[in-house]
Amino acid sequence: MRNESLAVLAGILTVVVAVFQLAMLMSARRKKIVRVPPSLFFAAIALVGGVLYSFSAGTISAITLTLLVENVLLIPYYLGLKNSEAEEKKRDNKYVVAEPVKQNLEEESKTLSEAETFIGTSKDIVIKASEALQDDAGLSRLVDFINTRIMREIDADGAAVLLIDDFEDIIAVKAFSGDFPPPYRLPDDVPHKVIRVETNFRFAQFGLNENIFGNIATSGKPELINSPLDDERIYQNEDEDFLKCGSYIFIPMVVADTVIGVIALARKASSLKFTKGDFDKACVLADFASVSIKNVYTFQEVIEHTDLTREAGIAGKIQKSLHPQLLPVIPGLQLGSVFNTADGVCGDYFDVLPSRKDRISFVLADVAGKGMNSLVIMVMLRAILRLVTNTTQSAATILSWANRGISIENNIDHFASLALMNYDSTTRTLEYSTAGSTPILYFNAEDDTVTKLSTSTEPIGVEKATQFQDVALQLHTNDILVMYSDGIVEAMNTAGSQYTADRLINIVRENRESSGKEIANLVKTDVKKFTGSAHQHDDQTLLVIKIN
């Protein structure tokens with residue numbers, strides 16, 4: 001009786017489980033969660049039906065038959081699982097990489113990684129160059145960055161960047177880092193200690209024909225040197241380990257066929273030698289570095305030129321205000337002038353100062369050099385002369401005072417040639433004095449002769465104790481005085497010939513009946529005709545005074 005109860009309970013549980021399985025299978029099939037084969041449905045249905053039949057028939061044989069049918073219906077499912085496992089394994093085998101192919105993939109991956117690092121370094125150099133444009137010390141920082149970055153990229157023990165100074169024909173170290181056995185002969189007074197040798201290298205400069213650095217810069221060819229003892233350009237200092245020459249890479253920094261410097265890389269004698277791959281990589285990075293440094297150079301030159309142009313523009317405006325815009329009308333005199341400036345700030349200065357009836361001062365100066373310093377000298381001279389000519393002092397005394405005022409300015413290395421004439425219209429007498437070589441021509445209408453009145457002395461600003469001389473001259477009707485700067489008589493034509501003082505004198509003599517203004521215009525026209533399209537490098541100033 002107890003056994004029958006257990007059998008009934010087991011049968012009920014079996015039906016419940018089978019119904020639950022059937023419901024789950026139908027849900028999975030409907031939601032398409034997994035693919036459900038039909039055999040599973042049939043097995044579950046057979047199990048439920050068989051158990052229910054067994055209850056109604058009351059025989060063990062019905063249950064046994066039910067289990068048999070169920071298991072038979074499950075066989076296709078198991079066979080499907082086997083086939084699925086084989087297919088999965090087959091699919092996995094499709095993605096199994098053969099060993100040679102795997103190695104190639106690893107090598108390609110490594111190459112890509114190195115290329116990314118390489119490109120990143122090149123990009124960083126360009127970015128650093130753009131930052132260098134914003135700072136006066138940017139070039140120095142850029143060179144240091146290039147030096148350390150290339151050293152790290154090539155895995156060198158030491159690196160140095162040397163740049164060429166075209167003005168002095170030398171190549172100087174601008175960046176240095178790491179352990180770099182010097183390939184040049186150390187000076188005898190440098191102790192063989194690491195810090196002293198590094199310091200010497202860090203601030204070294206060499207002639208272009210002095211050692212390996214100059215040789216590479218001159219030849220313009222990169223070199224990989226793994227046997228330094230066999231290369232006569234490499235000097236082996238003493239046997240200390242830090243001085244022993246190892247492996248070197250020297251690369252000229254070339255932009256548009258011009259060598260601007262050298263990048264040098266070193267490995268110690270105890271390190272592995274550089275490879276051809278290291279050499280090629282260093283050459284490419286050196287190209288990036290060269291272009292970046294050259295761009296900074298060019299930018300700085302443009303900025304400097306812009307600053308100079310702006311400075312010249314400001315100075316030109318100031319200077320323009322220093323010269324008389326219109327010559328004053330002075331009874332008894334006919335005046336004419338020429339004032340043509342060359343490039344930059346003009347170095348010529350002229351002035352007419354009618355102080356009073358018995359003194360009219362004429363000034364013409366040629367200040368050496370150009371630029372702001374010349375303008376400063378010009379402003380100082382103008383201020384001193386305009387102040388002192390109002391006194392009763394002679395022309396020589398006025399020049400002496402002006403000379404002392406300029407000479408005491410030790411921080412200004414410019415000087416000026418100057419001629420000063422004081423004319424007394426009441427007596428028609430002239431008093432003049434000259435400093436330097438500014439000439440005065442005197443055309444005597446009575447005997448039709450031309451005389452050079454000025455004498456050569458020390459220019460203004462050279463020596464404060466210089467003594468100047470006064471010279472007096474009686475003038476007559478139709479006499480002509482001409483003051484001029486070197487730019488007139490030294491004007492060049494396209495053939496390289498100068499205008500000369502003789503040609504100027506001829507123009508004055510041939511047109512002695514003309515007014516001072518007409519004579520000045522005739523000289524201006526004749527100089528222009530003579531020079532033609534030739535560019536002039538000196539200012540041209542002329543002042544004509546004719547006595548009525």
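# Contacts, caps and aromatic pairs in a predicted chain

Me: What share of the contacts in the chain between residues at least 6 apart in sequence joins residues at least 24 apart?
Reply: That share is 67%, where a contact means heavy atoms within 4.5 Å. Please keep in mind that this is a predicted model, in which local features need pLDDT of at least 70, side-chain atom pairs count only at pLDDT 80 or more, and totals for chains, interfaces and linings use all residues. Residues are numbered from 1 along each chain as its sequence is written, and side-chain values use heavy atoms, with hydrogens and water left out.

Me: OK, and how many helices and strands does the chain have?
Reply: The chain has 13 helices and 16 strands; these are DSSP runs numbered from the N terminus, with helices being H or I of at least four residues and strands being E of at least two.

Me: What percentage of the residues count as buried?
Reply: Of the 548 residues of the chain, 42% count as buried, which is to say under 20% relative accessible area, with exposed meaning over 50% and partly exposed in between (1.4 Å probe, protein chains only). The accessible surface of the chain comes to about 30300 Å², and 55% of that belongs to carbon and sulfur atoms, with areas from the Shrake-Rupley method using a 1.4 Å probe and, for residues, only the protein chains shown counting as cover.

Me: Switching to Ser290, where is its place?
Reply: Ser290 sits in helix H8, which covers residues 276–322.

Me: And is Ser290 buried or exposed?
Reply: Ser290 counts as buried because its relative accessibility is 0%.

Me: Then what does its side chain reach?
Reply: The side chain of Ser290 reaches the backbone oxygen of Ala286 at 2.6 Å. Leaving aside neighbours within four places in sequence, Ser290 is also in contact with Met253, Val254, Val255 and Ile260.

Me: How many disulfides does a search of the whole structure find?
Reply: The search finds zero disulfides, a disulfide being a pair of cysteine sulfur atoms within 2.5 Å. As for individual cysteines, Cys245 is buried because its relative accessible area is 9%, and Cys283 is buried because its relative accessible area is 17%.

Me: What caps the N-terminal end of H7?
Reply: Asn211 does, with a side-chain oxygen 3.1 Å from the backbone nitrogen of Phe213. Helix H7 spans residues 212–219, and its buried residues are Ile212, Phe213, Gly214, Ile216 and Ala217. After H7 comes Gly220, whose phi is positive, near 75 degrees.

Me: Now aromatics: how many aromatic pairs does the structure hold?
Reply: It holds 12 aromatic pairs. Rings of Phe, Tyr and Trp (its six-membered ring) pair if their centres lie within 6.5 Å, and planes under 30 degrees apart count as stacked, over 60 as edge-to-face and the rest as tilted. One of these pairs is Phe180 with Phe201, edge-to-face at 5.1 Å centre to centre with 90 degrees between the planes. The pair links distant parts of the chain, 21 residues apart, with Phe180 in the loop between strand S2 (170–178) and helix H6 (194–202) and Phe201 in helix H6.

Me: Why do both of those count as buried?
Reply: Phe180 is buried because its relative accessible area is 5%, and Phe201 is buried because its relative accessible area is 1%.

Me: Which residues form the aromatic cluster?
Reply: One aromatic cluster is formed by Phe176, Phe180, Tyr184, Phe201, Phe206, Phe213, Tyr248 and Phe250.

How values were computed. A polar contact is a pair of N or O atoms within 3.5 Å; within protein, one must be able to donate a hydrogen and the other to accept it, and residues adjacent in sequence count only if both atoms are side-chain atoms.
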